[in-house]
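Dear colleague,

I am handing over the structure below, together with an account of what was found in it. Please read the notes with the structure open beside them.

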Amino acid sequence: MPDITPLDARFLVLERLGLGLADLAQNSDLLARTSVRNPWFTPEFSVDALTAWSQALRAESLDQWKPRWPKDLGPSRRVGIVGAGNLPLVALHDVLCAYLAGHE
């Protein structure tokens, strides 16, 4: 088995996340329940967000992002992220960047 860096492992996790988000975009029951709990999250907005992120997290897209990511990540820190609640997945980019950097 070839050696895999922690950063490479994290990118593989993001690729799997993208596949999961694509599946969620097809789950009409989940989309309806989400809309009931938060009326800002209409099924259409949720599908758009899930689909966009599932495409952004495809291997081809991640391969373009990976070389731009610093190799030396430095020490891990505990990070707090406050995301708005009016758009589906609005803070996901922030969460992904913290995750890729190895932060909690």
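**Starting from one residue**

D23 is a residue of helix α1. Please keep in mind throughout that this is a predicted model. Is D23 buried or exposed? With a relative accessible area of 58%, D23 is exposed, since the cut-off for that class is over 50%. Although D23 and T51 are 28 residues apart along the chain, their C-alpha atoms are separated by 9.2 Å.

**The chain as a whole**

The protein chain has five helices and zero strands, and its pattern, read along the sequence, is α-α-α-α-α. The C-alpha trace spans about 45 × 30 × 20 Å along its principal axes, and 26% of the 104 residues count as buried.

**Helix α1**

The 19 residues of α1 should span 27 Å at 1.5 Å a residue, and this agrees with its end C-alpha atoms, which are 27 Å apart. Its buried residues are L7, R10, F11, L14, G18 and L21. Seen down the axis of α1, these buried residues fall within an arc of 100°, and therefore they line one face of the helix. On the face of α1 turned away from the buried side one finds the exposed residues P6, R16, L19 and D23, which brings us back to the residue we began with. As for the partners of the buried side, the buried residues of α1 pack against α3 (43-56), α4 (59-65) and α5.

**How α1 meets α5**

Two packed helices are described by the angle between their axes and the distance between the axes. For helix α1 (residues 6-24) and helix α5 (residues 92-100), the axes come within 10 Å and cross at roughly 150°. Because an angle over 145 degrees counts as roughly antiparallel, α1 and α5 are roughly antiparallel to each other. On the side of α1 the contact is made by L7, R10, F11, V13, L14, L17 and L21, while α5 contributes L92, L96, Y99 and L100. Sorted by kind, the residues of this contact divide into ten nonpolar, no polar and one charged.

**Helix α3**

With 14 residues, α3 reaches 20 Å from its first C-alpha to its last, which is close to the 20 Å expected at 1.5 Å a residue. The buried residues in α3 are S46, A49, L50, W53 and S54. They cover an arc of only 125° around the axis, and so they are on the same side of α3. The face of α3 turned away from its buried side carries the exposed residues E44 and D48, whereas the buried residues of α3 pack against α1, α2 (28-37) and α5.

**A residue in a loop**

One last point concerns L89, which is placed in the loop between α4 and α5. Which value does phi of L89 take? Phi of L89 is near 60°, a positive value in a residue other than glycine. By way of background, most residues other than glycine have a negative phi. L89 counts as partly exposed, at 29% relative accessibility.

Notes. Residues are numbered from 1 along each chain as its sequence is written. This is a predicted model: local features need pLDDT of at least 70, side-chain atom pairs count only at pLDDT 80 or more; totals for chains, interfaces and linings use all residues. Side-chain values use heavy atoms; hydrogens and water are left out. Axes are lines fitted to C-alpha atoms, for helices over the stretch in contact, and angles run from 0 to 180 degrees between N-to-C directions. Helices (H or I, at least four residues) and strands (E, at least two) are DSSP runs, numbered from the N terminus. Angles under 35 degrees count as roughly parallel, over 145 as roughly antiparallel, 65 to 115 as roughly perpendicular and the rest as oblique. Contact means heavy atoms within 4.5 Å. Ala, Val, Leu, Ile, Met, Phe, Trp, Tyr, Cys and Pro count as nonpolar, Asp, Glu, Lys and Arg as charged, and the others, Gly among them, as polar. The expected span of a helix is 1.5 Å times one less than its number of residues. Buried means under 20% relative accessible area, exposed over 50%, partly exposed in between (1.4 Å probe, protein chains only). The arc is that of the directions from the helix axis to the C-beta atoms.
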